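This report describes a metal site, a sheet and a set of charged side-chain contacts. The structure under discussion is shown below.

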Amino acid sequence: MELLFPQPDLPPVVPDGIILLVGAADLPGQQRLLAALDRVLRAEPPAQARVKGGGLTSAAMTNCGQVGWWSDTKGYRYQPNCPGTGRPWPPIPTEFTELIQRLTMQSPWPDFCPDACLINYYGPGAKMGLHQDRDEKDFSQPIITVSLGDSADFLVGGMARRERPEVIKLGSGDVLLMGGASRMRFHGVRKIYPGTSPLEGVTGRYSLTFRKAL
Ligand code: FE
């Protein structure tokens, strides 16, 4: 039976300090971001990183910016050079910073100026366990995530790992700002929806996470 009133696409209710901008980048905008992303990926291809226990991250990672977040058997940190080549990370493309500036202008963080952008690539089965981002110096600054490619279930939990997380579906072009009272919330990625990417030639999901690390 056809619904008399089709289910509207209501934005999910998100906790204080979290701002979800659905479709912040339209398709042409996403294509511009993707072209810039391609240059970064060619300069510094993503790789799975070692974690302290000896395993590998599920997502493949690379960075652009003054410093990049990396993990190895010694732990996590921001570092100015890529672990593989020893070269400095490529700069954050202007296409990225223009989007971030446009979005933060009207936000609670109008002066946000990222010096690090961690790029995570999630293949069809990749996920990311609940964690807090706590290697940055200034927790008054938000973390901003731009999604490109396949949709994902993003998890937003509480301040303790045991709190049951909410699911926020993130699609290509959506942007999630996480700051203020929610800056230290546990978060993760539960699931990727293969084949949902509106971008031709992209399988899987790229998340570009902008940070003020130094
Ligand atoms: Fe994180």
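## Sheet pairing

In the predicted model, S151 has Y193 of strand β11 as its bridge partner. The two strands concerned, β8 (residues 151–156) and β11, run antiparallel and are joined by six bridges.

Strands β8 and β11 belong to an open sheet of four strands, ordered β6-β11-β8-β9, with antiparallel pairing. The edges are taken by β6 and β9 (166–170); each has a single partner strand, so one side of each is left without a neighbour in the sheet. From one strand to the next, the twist averages 25°.

## Iron site

The iron ion is coordinated at 2.1 to 2.7 Å by NE2 of H131, NE2 of H187 and two OD contacts from D133. The angles subtended by the four donor atoms run from 52 to 139°, and the arrangement is therefore irregular. Four donors count as tetrahedral only if all angles lie between 85 and 135 degrees. For reference, the ideal angle for four tetrahedral donors is 109.5 degrees.

Along the sequence, the donor residues follow the spacing H-x1-D-x53-H. H131 lies in strand β6 (residues 128–131) and H187 in strand β11 (residues 187–193), so this pair ties together parts of the chain that are 56 residues apart in sequence. In the sheet order β6-β11-β8-β9, the strands that carry these two histidines stand side by side.

H131 counts as partly exposed because its relative accessibility is 23%. H187, at 7%, counts as buried, and D133 counts as buried at 9%.

## Salt bridges around R211

Across the whole structure, a search finds eight salt bridges. Among the residues involved, D133, E136, R183 and R211 are linked in a network.

Which side of the accessibility scale do R211 and E136 fall on, buried or exposed? R211 is buried, with a relative accessible area of 5%, and E136 is buried with a relative accessible area of 5%.

## The R87–E44 contact

Another salt bridge is formed by the side chains of R87 and E44, at 3.4 Å from N to O. R87 is in the loop between β4 (75–79) and α2 (94–104), and E44 is in the loop between α1 (27–43) and β2 (60–65); the pair links distant parts of the chain, 43 residues apart.

The two partners fall into separate accessibility classes. R87 counts as partly exposed, at 44% relative accessibility, while E44 is buried, with a relative accessible area of 7%.

Conventions:
Residues numbered from 1 in each chain as written. Predicted model: local features only at pLDDT ≥ 70, side-chain atom pairs only at ≥ 80, totals over all residues. Heavy atoms only, no water. Donors = N, O, S within 2.8 Å, 3.2 Å for Na, K, Ca; no water. Tetrahedral: all angles 85-135°; square planar, octahedral: opposite > 155°, others 65-115°. Buried < 20%, exposed > 50% of the residue type's maximum accessible area, 1.4 Å probe, protein only. Pairing = 2+ DSSP bridges. Axes fitted to C-alpha atoms, helices over the stretch in contact; angles between N-to-C directions. Salt bridge = Lys/Arg side-chain N within 4 Å of Asp/Glu carboxyl O.
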